[in-house]
Amino acid sequence: MPLVVLDKQPAALAVPSVTSDNVAGGKIACEHLQSRGHHRIAFLPETPFWQTFTGTVSDRFLGYFNHLKLATSDAALPLRWAQALQACTTAVQLKAYIQAQRITAIIAENDVVALRALQRLQELTSNSDTSIALVGFDNLPAAARNNPALTTVVQDFAAIGAKAVEALLDQINNPEHLFDDQIVVGVKLMVRSSTNQY
């Protein structure tokens, strides 16, 4: 039966997959924030990726982690930030932790998590300026409409779909061949005003 896995790379299963380059996404988000003068950049997950260190969110974190330049030798700090931020359930907790850790920028697991964090932080300020730079993933329509508009890593869903169809057709037309290609589609950064505030 022809099969293509989307957004996951099967570890041992010999089937083709098509994913976005989530590692590159974490990297370009981190590099963008560093180019804006940020040094204390945290990763905000909803998913506890550290339990397995596999999957999309883990790849995004590792792309960020591998390119983060901290002025400390504490290599575990970014993971501790992620775990603590994930545990913040209220706006007050989130803001207090960010301030206590002197975090100036956040890369969120996805746009939904980023927009939720931005809304929580705005609840505690009198205007839309939260004084924290924020990057999401996925380029949801709400990201552009938000105030401030959210900088986000854009996945090429059209290319992902096209590559998946090509892989399916290859399997249908060549049933005797083994298809286990892991296809990775590039991403790009859509810069908006959520990273222009610092």
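A residue is called buried when its relative accessible area is under 20%, exposed when that area is over 50%, and partly exposed in between, as found with a 1.4 Å probe on protein chains only. At 10% relative accessibility, H32 therefore counts as buried. The structure is a predicted model, in which local features need pLDDT of at least 70 and side-chain atom pairs count only at pLDDT 80 or more, while totals for chains, interfaces and linings use all residues. Residues are numbered from 1 along each chain as its sequence is written, and side-chain values use heavy atoms, with hydrogens and water left out.

Helices (H or I, at least four residues) and strands (E, at least two) are DSSP runs, numbered from the N terminus. H32 is located in helix 1. Contact means heavy atoms within 4.5 Å; leaving aside residues up to four places away in sequence, H32 touches T151, L189, V191 and T195.

The wider sheet comes next. Two strands pair if DSSP finds at least two bridges between them. Five strands form an open sheet in the order 3-4-5-6-8, with mixed pairing. Strand 3 and strand 8 stand at the edges with a single partner strand each, so one side of each lacks a neighbour in the sheet. From one strand to the next, the twist averages 20°. Strand 5 and strand 6 run parallel and are joined by three bridges; T152 in strand 6 is the bridge partner of G136. Strand 6 and strand 8 (residues 187–190), by contrast, run antiparallel and are joined by four bridges, and V187 in strand 8 is the bridge partner of Q155.

Axes are lines fitted to C-alpha atoms, for helices over the stretch in contact, and angles run from 0 to 180 degrees between N-to-C directions. Helix 5 lies across strand 3, strand 4, strand 5 and strand 6, and runs at about 150° to strand 5. Helix 2 and helix 3 pack at an angle of about 140°, their axes 10 Å apart. These two helices are therefore oblique to each other, since angles under 35 degrees count as roughly parallel, over 145 as roughly antiparallel, 65 to 115 as roughly perpendicular and the rest as oblique. Where they pack, F61, Y64 and F65 in helix 2 meet P78, L79, W81 and A82 in helix 3.

A nonpolar core is a set of buried Ala, Val, Leu, Ile, Met, Phe, Trp, Tyr and Cys residues joined through side-chain atoms within 4.5 Å. The largest has 40 residues, and those with the most contacts inside it are I41, Y64, L85, I98, I103 and I107. Helix 5 gives the most to this core, with six residues. Apart from residues up to four places away in sequence, I103 touches R40, A42, W81, L85, Y97, I98 and I132. A second, separate core has six residues, including V4, V18, I160 and V185.
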